[in-house]
Amino acid sequence: MDRYSMIVLIVAMVMAASVIRSIFGVRHRRDRDSGREALMPAQESAETQRLRDEVKQLKDRLAVIERITVEKENSLEREIERLRDR
């Protein structure tokens, strides 16, 4: 087998792998932590969606807690100033 036949064979194998991957619905995703590519299903699982909803709820709750904390600090500061003015 000469050099050009080997190149054509390698290109054909890569193309075949891409077609098979697209048929089975797998796509590449860059893994943020390790920097390497990982194979992920094309559709999100129910577990993933449930976790996304839970994170959204926790963020909303945290925003409320932050707002309450800031309001309490401001009201406490006003009360201290009011007592100083007496």
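**Salt bridges along a helix**

E79 and R82 sit three residues apart in helix α2, so about one helical turn separates them. Helices here are DSSP runs of H or I with at least four residues, strands are E runs of at least two, and both are numbered from the N terminus. E79 and R82 form a salt bridge, with the closest N and O atoms 2.4 Å apart. By salt bridge I mean a side-chain nitrogen of Lys or Arg within 4 Å of a carboxyl oxygen of Asp or Glu.

Before going on: this is a predicted model, where local features need pLDDT of at least 70, side-chain atom pairs count only at pLDDT 80 or more, and totals for chains, interfaces and linings use all residues. Residues are numbered from 1 along each chain as its sequence is written, and side-chain values use heavy atoms, leaving out hydrogens and water.

Back to α2, residues 46-85. R50 pairs with E47 in a salt bridge at 2.8 Å between the closest N and O atoms. E54 also bridges to R50, at 3.2 Å. That links E47, R50 and E54 in a network. The salt bridge count comes to five.

How accessible is R50? R50 is partly exposed, because its relative accessibility is 42%. Buried means under 20% relative accessible area, exposed over 50%, partly exposed in between, with a 1.4 Å probe and protein chains only. E54 is partly exposed too, at 35%.

Now the whole protein. The order along the sequence is α-β-β-α. Of its 86 residues, 1% count as buried.
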